[in-house]
Amino acid sequence: MLLRNGTVVSGTGCVRQDIRIGGGRIVQTGPGLEPLEGEEVMDVSGCLVAPGGIDAHTHFDMPCGGIMTSDDFESGTRAAVAGGTTTVIDFSEPEQGASLQSGLDRWHEKADGRSFTDYSFHMTVARYDQGIEEEILSMIRQGVTSFKAYTAYKGDLGVEDRDMYRLLSLMKKHGVLLMVHCENGDILDVRREELAAGHPADISLHPLSRPNEVEHEAVSRMIDMARLLAVPVYIVHTSTRQALKEIEEAKEEGVRVYCETCPQYLFLSEEKYRLPGFEGAKYVCSPPLRSSRDQEALWRGLKQGIVDTVSTDHCSFNYKGQKDLGRVDFRLIPGGLPGVENRLELMYSQAESHGLTYSGIARMTAENPAKIFGLYPRKGVIQPGSDADLVVIRPDSSHVIDAGTQRQYVDYNPYQGMVVSHKVRHVFLRGQKIIEDGAFKTDIPAGNYLLRNTLVR
Ligand code: URP
Ligand code: ZN
Ligand code: ZN
C-alpha cells in the first residue's frame, strides 16, 4: 500500500512525503515514491498523515460505586479508532485489597478479543505491603511498566504519603513509572462534607470542594518526593495554573516530572457547573473544570513544552441513569467525562488558533506518550520499521460534534455543538485499513495487547 501526496506530520515537522506500508509496518518514506507492481495506491493530497493517536488515559468497563462506565472496550476503542486513536492504555484496577494479578487478569478478560485499537494497561496500586515488590516485578514481566496511585479517595484507592514514598522508591529500583492523581484527599473530603451540609444538590459546589490549591498542594508534594528520590513521576490530568507552574519550575531544576492534561481542561470551563437544572452533572469530574485563566496557562504550557501529553481520562457515564444518581447530593454524581473519540479532531483543529504546530500536536498525542510509556519507536512515529498506525486527517472539513452521531456509548457529549475544522478520514492499524472515508471497513476487533518496555533510567 502506498499513501501518496500527504503532508506527513512528525514530532519534528511536517513534510510532503509518500509512505509505503507492508507487513503491518512502515517500509519506506520519501518524496515521489513510485508504486510497485500491483501495489494499492491511496491518494491523500490535501490531507495530513499523522501517527495514530495514543490515548494513555482511559477507563473502559470500570466499576465505580456499584455502576460501570458506559463504554466497555468494544465501544470505547471503536470510538477511539473512529477518532484517529490507534492505541489506548487503560487503567486496570484490582478490587480493594486484592492482588495486582487479579486486576490484570480481569482487564485482559474485558479487553482481549474486543479491542479495535492496540491496547496496554497501567496498574492501579492502592496498597503497600511486603508482597508488593514481587507483584510489581510480575506485572513488569507481563508488559505493565506504569503504575497509578491516588493521593485522593482516602479510605478506598488513596495512598498515604509514607506508602507513596515507598512505592516511588520501588519504581526507581525497577525502572518503571508512577502516575499520580494529585488532589489533597484530606482537605477535599472535609470541604465536600462541609459544603454538602448546606445545599447538597447544588452542583456549583463541586469545584469549590476541590479548588486549585487542593491540586497544587498534592502536585508539589509529589514533585518533592520525586526530587528526593531522583525518580521520574507522571502527573495525570493537570488542570490548574498553579500546578503547571510547579511542574515548570521542577523541570527547569532537572526533576523528571511528566505533565499530562486533557481536552476537558483546555476546552471547557467551570461555568458549566452553573448551568440550569441538573445539566452541570455532565461535566462533573475530578479534578473539576477550572477557570479561563487556568485554561490559558495550560495552552501556554502546551506551547512551551511543559505539558508532555494530552490524553482524555475518558470515563463515560450516562446522563440518564448514571449521573442521575447524584440528583440530591452532588457528591454522588459519578465523576468522569467522555472524549476518546474527539481528542485528535479537537487538538488538530485548535492548533493554529493557539499558536501550536501540527507537529506539536503529534508529539503530545502520540510521540511523547509512546516514549514515556515504553512503546517507542514501535508506536508514535512514522518511520521505517514502526507499526503502520496512521491517521489521515482532512483540514478545512468543518463539522459539528454531536452526541447523536458519536460512537462513544454514552448519551451526551461534553463538546456538543462545537465546530471542529479537521476531520478524521482514514485510519490504519498496523497497516490494516480500519476506517476509510469515515466509515468502518471491518467489524472485527483487531487490536493486540502491547507488552511495554521498562524506562530508560
Ligand atoms: O473524574 C474522573 N476523572 N474520573 C476518572 C478517574 C480518575 O480520577 O482519573
Ligand atoms: Zn484521576
Ligand atoms: Zn482517570
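Between domain 1 and domain 2 the count comes to 1 salt bridge, meaning a side-chain nitrogen of Lys or Arg within 4 Å of a carboxyl oxygen of Asp or Glu. The model is a predicted one, so local features need pLDDT of at least 70 and side-chain atom pairs pLDDT 80 or more, while totals for chains, interfaces and linings use all residues. Residues are numbered from 1 along each chain as its sequence is written, chains are lettered from A and ligands numbered from 1 in the order in which they are written, and side-chain values use heavy atoms, with hydrogens and water left out.

Now for the two domains themselves. Domain 1 is made of two stretches, 1-47 and 381-438, and domain 2 covers 51-371; these bounds come from an automatic or database domain assignment. Their C-alpha centres sit 27 Å apart. Where the domains meet, 38 residues of domain 1 are in contact with 45 residues of domain 2, contact being heavy atoms within 4.5 Å. Together they bury about 3,400 Å², with 60% of that on carbon and sulfur atoms. Buried area here is the accessible area (1.4 Å probe) that two parts lose on being put together, summed over both. Q408, Y412 and Y415 supply 20% of the area that domain 1 buries against domain 2, more than any other three residues.

On the side of domain 1 that touches domain 2, the elements giving two or more residues are β16 (390-394), β19 (423-429) and β20 (432-436). Of these, β19 gives the largest share, 5 residues.

K148 belongs to strand β11, residues 146-150, strands being DSSP runs (E, at least two residues) numbered from the N terminus. K148 counts as buried because its relative accessibility is 1%, and buried means under 20% relative accessible area (1.4 Å probe, protein chains only). Leaving aside neighbours within four places in sequence, K148 touches several residues, including H57, H59 and H181.

Definitions and conventions
Helices (H or I, at least four residues) and strands (E, at least two) are DSSP runs, numbered from the N terminus. Buried means under 20% relative accessible area, exposed over 50%, partly exposed in between (1.4 Å probe, protein chains only).
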